[in-house]
Amino acid sequence: MMEVFEMTDLGEMSYFLGIEVLQKENEVFICQQKYAKEILNKFKMEDCKSTTTPMNLKEKFCKEDGAKKVDEVLYRSLIGCLLYLTATRPDIMHDVSLLSRYMHCASEIHLQAAKRIIRYIKGTVNYGIKFSQVQNFNFHGFSDSDWGGCLDDMKSTSGYCFSFGSGVFSWCSKKQDVIAQSTVEAEYVAATLAVNQALWIRKLLADLSMEEKRSTKVYVDN
């Protein structure tokens, strides 16, 4: 790259835009431990009790839940901080994405759910993604969805992640644009989103002289 662009070698990267990079022999670990602690301090939850899961799986959210409305500025700030934390924390991607739908109508229920995510972060501040050296790159992905998870419009949510066999490097959680009539349709729409991403990554790899000759497997929970 230095033959093409004017660049200065600053040595091994250790910190970039809030992301900490720990490089060892044959592995790279990225996390946002410092940023996670800043979130705890910002919302005065550094002494809160941690929880083992970011969200109650049986809990459903809607715009008009009858609960008292909360300060939108506070809620948006909280969700905004959590969204940036998902840069290295795919384990909270779905939950944060779900709560971000209620930026303009946040209630006490939504706020408490967001605080639960922070309580989860309290016990997992050192979580991140480790990329280890592998002998053979095995580009593959996973796709999943719920069915009619949104109570407001009955739309489902798609989710996917991709890996080279070491750590995941691409992930997403997104509400579907159509209303699925069955779990099969919801899974199909989610798989389509994942395959579109796989095709884009394959083109990117080709540009980097790492063209994939084999087909890419996308594992679907069907």
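**View 1. Asp-71 caps the N-terminal end of helix 2 in this predicted model.** A side-chain oxygen of Asp-71 lies 3.1 Å from the backbone nitrogen of Val-73. Helices here are DSSP runs (H or I, at least four residues) and strands are E runs of at least two, numbered from the N terminus. This is a predicted model, in which local features need pLDDT of at least 70, side-chain atom pairs count only at pLDDT 80 or more, and totals for chains, interfaces and linings use all residues. Residues are numbered from 1 along each chain as its sequence is written, and side-chain values use heavy atoms, leaving out hydrogens and water.

View 2. Buried means under 20% relative accessible area, exposed over 50%, and partly exposed in between (1.4 Å probe, protein chains only).

**View 3. Helix 2 and helix 4 pack at an angle of about 40°.** Their axes, which are lines fitted to C-alpha atoms over the stretch in contact, are 11 Å apart; angles run from 0 to 180 degrees between N-to-C directions. On the helix 2 side, the contact is made by Tyr-75, Leu-78, Ile-79, Leu-82 and Leu-85. Helix 4 brings His-110, Leu-111, Ala-114, Ile-117, Ile-118 and Ile-121 to this contact, where contact means heavy atoms within 4.5 Å.

**View 4. Helix 4 has buried residues of its own.** Among them are Ala-113 and Tyr-120. The buried residues of helix 4 pack against helix 1, helix 2 and helix 3.

**View 5. Thr-157 is found in strand 6 (residues 157-163).** At 4% relative accessibility, Thr-157 counts as buried. Its side chain is joined to that of Arg-101 by a polar contact of 2.8 Å. A polar contact is a pair of N or O atoms within 3.5 Å; within protein, one must be able to donate a hydrogen and the other to accept it, and residues adjacent in sequence count only if both atoms are side-chain atoms. Leaving aside residues up to four places away in sequence, Thr-157 touches several others, including His-94, Asp-144 and Lys-174.

**View 6. Met-2 lies in the segment before strand 1 (15-16).** With a relative accessible area of 54%, Met-2 is exposed.
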